[in-house]
Amino acid sequence: MSRYQLNKAMRQVGMSDDAAPRQRYLDDPAGFANDFEFTDEERDAFVGGEIGRLYALGVQPFVLLFFAQVAHRANVQGADGLVEFMKRYRQDVAPYGNPDFET
Amino acid sequence: MAKLVSIIGVTHNPMLAGMANAGSNPELARVRDRFGEFRESLRAARPDVLLCVGNDHFNHLFMDNMPAFLVGKSPMAKGTSAWERRIGLPDYTAKVDVELAKKIIRDGFERRTDFAFSDEFIMDHAFTFPLANLRPECDLPIIPIFCNVMAPPIPSTRRFFQVGETLRQIIEDVPGDVRVAALCSGHLSVEIGGPRPANPDREFDHWACDLIGTGKVQEAIDGLTFERFSRAGNYTAGFLTFVMLMGMAGGAPAAFWECMELEKMQTRVPFFHWDLG
């Protein structure tokens, strides 16, 4: 497992002040993933933006929440958009409870 | 010798960022008014410097180099990050008391506490929120102490208490009539990016605030385990900064403490004040 690599990649996509990494992931997620040392399972989940799988792998939930906004192309500027995003996000992660996220 | 004159602990919950414009929201108005009282308490303590304890939310520190405790010692401290500013969290800029920051680092080595340090950092809302609300004048030098409360392995409750004790000893060893106030922000039960509600554990919040406020040191050390934090919410270890304050206070009960219940907003808001005048 390389939880650290997943956290690092998701942070670049979801939390950078610079918009470039976000756009690069959206344009070419597989190419973006090539910069990191993922297992096959991690790579699939990251490239596919599969929030539930990433969560179950034990990534930092705080970082995942920001990554999910990009991966889902969510518009969270307005209250309605945020509520809709959070509803879907919680549905994605709920089956997995609270996994350990220590790296 | 220098004196620790006041110790204050408050929340940095972003949900409360709009309290200045509480309007018709009576719960936000209660929080705003309590912050106003704390602002006056801090002013009345006449501090010369603010020792600020908080954490970073992966804006500056990450798991490539994660310090347990880090002292910021660049000449100026600034915040917040761009994304936090976009969601309405406040900026803050202050000078850093670099000499006192270095003394904390040097004396820490002699007192079994190896602080990391940074000459280039940003403060996020864990610092800018309490500072902007409690010292909006930005006129006092600060020393930011960053604590890892988000990336396990996280230091234990006992360790947070000890580091608080150490900071008090170091401050009281500073020559001159310097008046130091400690200002800290932290969290009650909180879930971010997990399936539970944002502030899931009302029982934990009231119990944990009572431990700090009434100075139940041993009960806090025994009971506030990482496992208990995790049961209360995935990032509830953010409560540990309040344990550091209890260490600074030597385990004395707070002069004022409160776990303010906001029923409509489904959250609680902690306030702690030790008046050491």
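This is a predicted model: local features need pLDDT of at least 70, side-chain atom pairs count only at pLDDT 80 or more; totals for chains, interfaces and linings use all residues.
How far is the sulfur of B:Cys209 from the closest cysteine sulfur?

Residues are numbered from 1 along each chain as its sequence is written, chains are lettered from A and ligands numbered from 1 in the order in which they are written, and side-chain values use heavy atoms, with hydrogens and water left out.

**Cysteines.** I looked up B:Cys209 and found its closest cysteine sulfur, in B:Cys259, at 4.0 Å, which is too far for a bond. The cut-off for a disulfide is a pair of cysteine sulfur atoms within 2.5 Å. (Buried is under 20% relative accessible area, exposed over 50%, partly exposed in between, with a 1.4 Å probe and protein chains only.)

**B:Ser6.** This one sits in strand 1 (residues 3–11) of chain B. (Helices, H or I of at least four residues, and strands, E of at least two, are DSSP runs numbered from the N terminus.) B:Ser6 is at 1% relative accessibility, so it counts as buried. Its side chain makes a polar contact of 3.2 Å with that of B:His273. (That's a pair of N or O atoms within 3.5 Å; within protein, one must be able to donate a hydrogen and the other to accept it, and residues adjacent in sequence count only if both atoms are side-chain atoms.) Beyond four places in sequence, B:Ser6 touches residues including B:Ala45, B:Val180 and B:Trp274. (Contact means heavy atoms within 4.5 Å.)

**Helix 7, chain A.** I checked which residues are buried here: A:Phe85, A:Met86, A:Tyr89 and A:Val93. They cover an arc of only 100° around the axis, which puts them on the same side of helix 7 of chain A. (The arc is taken from the directions from the helix axis to the C-beta atoms.) On the other side, the exposed residues include A:Asp80, A:Glu84 and A:Lys87. Helix 5 (51–56) and helix 6 (61–71) of chain A are among what covers the buried ones.

**Cores.** The largest nonpolar core has 95 residues, and A:Leu64 is one of those with the most contacts inside it. (A core is a set of buried Ala, Val, Leu, Ile, Met, Phe, Trp, Tyr and Cys residues joined through side-chain atoms within 4.5 Å.) Helix 6 of chain A gives the largest share, nine residues. A:Leu64 is in contact with A:Tyr89 and A:Val93, among others.
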